[in-house]
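Visitor: I have a protein model to look at. Could you walk me through some of its features?

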Amino acid sequence: MAVTMESFGIGKDGQEAVLYTITNHSGARVKVTNYGCAVVSIEVPDRNGKLVDVALGCPDLAGYEQQTAALGGVPGRHANRIEGGRFTLNETEYSLCINNGPNHLHGGKEGFHQKFWNHSWQGDQVVFSRLSPDGEEGYPGNLMVRVAYSFDDDNQLLIEYDALSDADTVINLTNHTYFNLSGEDSGSVLHQQLKLYSTSFTENDENCLPTGTILPVADTPFDFTQWKEIGKEIGEENIQLHNGNGYDHNFILEQEGEFTLCAEAYSPDTDIHMAMYTTQPGVQLYTANFIQDSNVKSKSGKPYEKHAGFCLEAQHWPNAMAHKTFPTVVLRAGERYQHVTAYEFSLGK
């Protein structure tokens, strides 16, 4: 395993971003940057042994600063949506930025995925950390966050999340990588195949905000319990697909904190297979329904079009502060937030 570091550009405020490359013994590699704690590329072999970059991204820091798609980043302090940008904790109401219709999304005006993180490498791990101060984007408590990336000889990208707050707060961290297993510049992912280990999902309203109702996937376009093309039913007349302009929904994982298989994806073009594992209680499937409007400058130079990638975001269920039956996103002072997610790449289903 080898880890190298290089400059990734100077930001608008004069800060320098760095780019780490983690290369395993086979030559497959992952690149991550301290800007946004983002995954920039994942290069793994196809059926012919050629390395294919399966992660959408930008060629430099300037591209990441201008894009609004949260490419590869770690949104926070609370990823996904909070209703009305408000929540009540310990009988105190907190007001957050409204930046997604009438709701709060991905931490606010400047979420964690738009921040420069402290960085180091420790053995085979690249470690990013930052202190989110009390009141940042309206959230209470000084929150120390640590995210570690590693990439092993089995082509497994492991992401470890750790956080600690000095006051009660809310937290929901995830990784927002857009995958395209045929290659980041290959076009639509709708012909690629997906399997989700989930039999239910949270209903969304017209703003993609969970209503509190849990729906079964059976006999709906949301049934990925068996292998199915991502786009097979994406165009069907269905109010949930209409509300998301495609898939943008939280699928419920029926496990209690164990590190378990939750999703698989496959490209018949390259024979690349991805297995996803997590300790989180949900995974958000997002089919890049608005990436064409997100000011993305791609690595290939081509504009990313609608459905150019898919996200599988391991996280707690969105809008949990409004629905007490959802798994809690409250982190108590002095308690540790710890979760692990992995994406493992191989050949064949």
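**Strands, a turn and a serine**

Guide: Strand 7 and strand 8 form a hairpin with two residues between them, and N90 in the turn has a positive phi of about 55°. Strands are DSSP runs of E, at least two residues long, numbered from the N terminus. This is a predicted model, where local features need pLDDT of at least 70 and side-chain atom pairs pLDDT 80 or more, while totals for chains, interfaces and linings use all residues. Residues are numbered from 1 along each chain as its sequence is written, and side-chain values use heavy atoms, without hydrogens and water.

Visitor: Which residue in strand 8 stands opposite T88?

Guide: Strand 7 (residues 86–89) and strand 8 (residues 92–95) pair in the antiparallel sense over four bridges. Pairing requires at least two bridges found by DSSP. T88 is on the uncovered face of strand 7, along with R86. Its opposite in strand 8 is E93.

Visitor: Which strands stand at the edges of the open sheet of nine strands?

Guide: The order is 10-11-12-13-25-21-20-15-18, with antiparallel pairing. Each edge strand has a single partner strand, so one side is left without a neighbour in the sheet. The edges are strand 10 (118–122) and strand 18 (228–229).

Visitor: Is S198 buried or exposed?

Guide: S198 lies in the loop between strand 15 (193–196) and strand 16 (200–204). Buried means under 20% relative accessible area, exposed over 50%, partly exposed in between (1.4 Å probe, protein chains only). The relative accessibility of S198 is 3%, so S198 counts as buried.
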